[in-house]
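Me: I would like to go through a structure by question and answer. Please keep it plain.

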Amino acid sequence: MYTIKEVASKMNISEHTLRFWAKSGFFPFIKRDSNNTRKFSENDLGWVKIVKCLRSVGTENKSIKKYIDLCIKGDSTIKERFEIIKSTKLKALQQMEELKKQLDLLEYKENYYQNLIKNNLNDNWNPINKIHESESLV
């Protein structure tokens with residue numbers, strides 16, 4: 001059994017976030033000890049893992065709770081859970097595509113700045129340099 005602190009460290013999630021998720025009903029089977037401290041089992045870590053995954057792609061808490069509730073209902077909800085996972089995966093792929101575009105731009109700018117530094121050049125794309133150029137023409 002693991003404490004919130006241990007789970008937070010193990011899963012790279014803040015203790016505050018874990019407490020919030022627990023209060024939101026995302027971990028339906030965690031136990032409390034005689035001191036009322038939450039105790040997570042290995043099975044509970046699986047719940048933490050899927051909640052972390054769903055949150056990381058921006059799934060709303062209400063939707064996560066729906067998914068958890070469907071899991072608790074059992075196998076009769078497999079198709080509905082499948083649709084949730086499938087749509088979440090699509091959302092993640094779209095986010096990856098957008099991040100890829102951002103990464104490409106950052107890579108381009110990195111190379112651009114490396115060239116400026118290496119060749120001791122001015123940054124002609126920087127708008128502030130264009131303002132200074134136009135002032136010197138006056």
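This is a predicted model: local features need pLDDT of at least 70, side-chain atom pairs count only at pLDDT 80 or more; totals for chains, interfaces and linings use all residues.

Me: Are α1 and α3 roughly parallel or oblique to each other?
Reply: Helices here are DSSP runs of H or I with at least four residues, strands are runs of E with at least two, and both are numbered from the N terminus. The axes of α1 (residues 4-11) and α3 (residues 42-56) come within 11 Å and cross at roughly 50°; axes are lines fitted to C-alpha atoms, for helices over the stretch in contact, and angles run from 0 to 180 degrees between N-to-C directions. Under 35 degrees counts as roughly parallel, over 145 as roughly antiparallel, 65 to 115 as roughly perpendicular and the rest as oblique. The two helices, α1 and α3, are therefore oblique.

Me: Which residues of α3 make the contact with α1?
Reply: Contact means heavy atoms within 4.5 Å. On the α1 side the residues are V7, K10 and M11. On the α3 side they are L45, V48, K49 and K52.

Me: How many charged residues does the contact of α1 with α3 have?
Reply: Ala, Val, Leu, Ile, Met, Phe, Trp, Tyr, Cys and Pro count as nonpolar, Asp, Glu, Lys and Arg as charged, and the others, Gly among them, as polar. In this contact there are 4 nonpolar and no polar residues, and the number of charged ones is 3.

Me: Is α1 roughly parallel or roughly perpendicular to α2?
Reply: The axes of α1 and α2 are 9 Å apart, and the helices pack at an angle of about 110°. In this packing, I4, K5, V7 and A8 of α1 meet E15, L18 and R19 of α2. By the angle, α1 is roughly perpendicular to α2.

Me: What is the distance between the ring centres of F29 and W47?
Reply: Rings of Phe, Tyr and Trp (its six-membered ring) pair if their centres lie within 6.5 Å; planes under 30 degrees apart count as stacked, over 60 as edge-to-face and the rest as tilted. F29, in the loop between α2 (15-23) and β1 (31-32), is 18 residues from W47 in helix α3. Their planes are 55° apart, which makes the pair tilted, and the centre-to-centre distance is 6.0 Å.

Me: Is W47 buried or exposed?
Reply: Buried means under 20% relative accessible area, exposed over 50%, and partly exposed in between (1.4 Å probe, protein chains only). F29, at 42%, is partly exposed. W47 has a relative accessible area of 12%, so W47 is buried.

Me: What is the angle between the ring planes of Y112 and W125?
Reply: The two rings form a stacked pair, 4.9 Å centre to centre. Y112 lies in helix α5 (residues 78-118) and W125 in the loop between α5 and α6 (127-137), so the pair ties together parts that are 13 residues apart in sequence. The angle between the planes is 15°.

Me: Which residues does C71 contact, leaving aside neighbours within four places in sequence?
Reply: C71 is placed in helix α4 (residues 61-73). With those neighbours left aside, its contacts are W47, T77 and R81.

Key
Residues are numbered from 1 along each chain as its sequence is written. Side-chain values use heavy atoms; hydrogens and water are left out.
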